[in-house]
Amino acid sequence: MTMASITNSHLTLLFLISSTFIIFTLALEFSDVTAEAPDGFLPLAKKHVVIRNTVKNGEELNIHCKSSENNLGHIHLKHGHTWDFRFLVNISKSTKFRCHFWWYAGNKKFFNYWFDIFTVSRDDKPSGRYPVCQECIWDLSDYGPEGYICRINRDKSEPWCFPMDDEP
């Protein structure tokens with residue numbers, strides 16, 4: 001009889017701990033409070049991606065971003081404007097958003113690129129080569145040559161620029 005009550009006590013404790021974790025995670029999602037843990041430390045970290053249309057020819061930028069779980073649809077972004085989206089890094093830390101960018105440059109010139117706008121290995125790994133970003137701000141072609149996208153740093157230091165892919 002005592003063995004059963006010990007097992008039931010353990011199950012009750014496990015249920016309370018897991019319920020508290022779930023409630024805490026949901027509360028963070030729906031609040032404006034930032035977590036005390038450093039970026040990238042917890043699974044389910046909140047992320048905010050901002051894309052700024054800074055293409056050199058001043059044209060409208062077309063964007064289509066998606067992950068394996070979310071398709072964010074087709075966006076038309078006027079020059080000088082921004083578009084953003086928020087998400088949580090999944091528990092397995094495999095979240096990746098891939099975006100397709102295209103715009104016209106006059107004289108029937110057409111630019112067409114793809115880029116992984118968020119990957120855990122680049123944007124959310126504390127021991128990685130690049131700093132972790134909670135808010136990942138991206139500019140197209142403002143800093144690098146055509147076909148590059150740059151992640152802007154809040155501290156005004158040099159941006160991190162990456163070549164985009166010209167194939168899906």
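In which strand is Lys47 found? Lys47 is found in strand E1, where strands (E, at least two residues) and helices (H or I, at least four residues) are DSSP runs numbered from the N terminus. The model is predicted, so local features need pLDDT of at least 70 and side-chain atom pairs count only at pLDDT 80 or more, while totals for chains, interfaces and linings use all residues. Residues are numbered from 1 along each chain as its sequence is written, and side-chain values use heavy atoms, with hydrogens and water left out.

Strand E1 belongs to an open sheet of five strands, in the order E4-E1-E7-E8-E9, with mixed pairing. Two strands are taken to pair if DSSP finds at least two bridges between them. Strand E4 (82–88) and strand E9 (160–163) are the edge strands, each pairing on one side only. From one strand to the next, the twist averages 25°; axes are lines fitted to C-alpha atoms, for helices over the stretch in contact, and angles run from 0 to 180 degrees between N-to-C directions.

Strand E1 (residues 46–52) runs parallel to strand E7 (residues 135–140), and five bridges join the two. Within this pairing, Val49 stands opposite Cys136 in E7, and Trp138 in E7 is the bridge partner of Ile51. Strands E1 and E4 run antiparallel and are joined by seven bridges. The bridge partner of Val50 in E4 is Asp84.

Five of the seven residues of E1 are buried, so this strand is largely enclosed by the rest of the structure. Buried means under 20% relative accessible area, exposed means over 50%, and partly exposed lies in between (1.4 Å probe, protein chains only). Lys47 is buried, with a relative accessible area of 2%. A polar atom of the Lys47 side chain lies 2.7 Å from the backbone oxygen of Cys133. A polar contact is a pair of N or O atoms within 3.5 Å; within protein, one must be able to donate a hydrogen and the other to accept it, and residues adjacent in sequence count only if both atoms are side-chain atoms.

A further open sheet consists of four strands in the order E3-E2-E5-E6, with antiparallel pairing. Strand E3 (71–77) and strand E6 (110–119) stand at its edges with a single partner strand each, so one side of each has no neighbour in the sheet. The twist here averages 15° from one strand to the next. Strand E2 (residues 61–66) pairs with E3 in the antiparallel sense over five bridges. Asn62 has His76 in E3 as its bridge partner.
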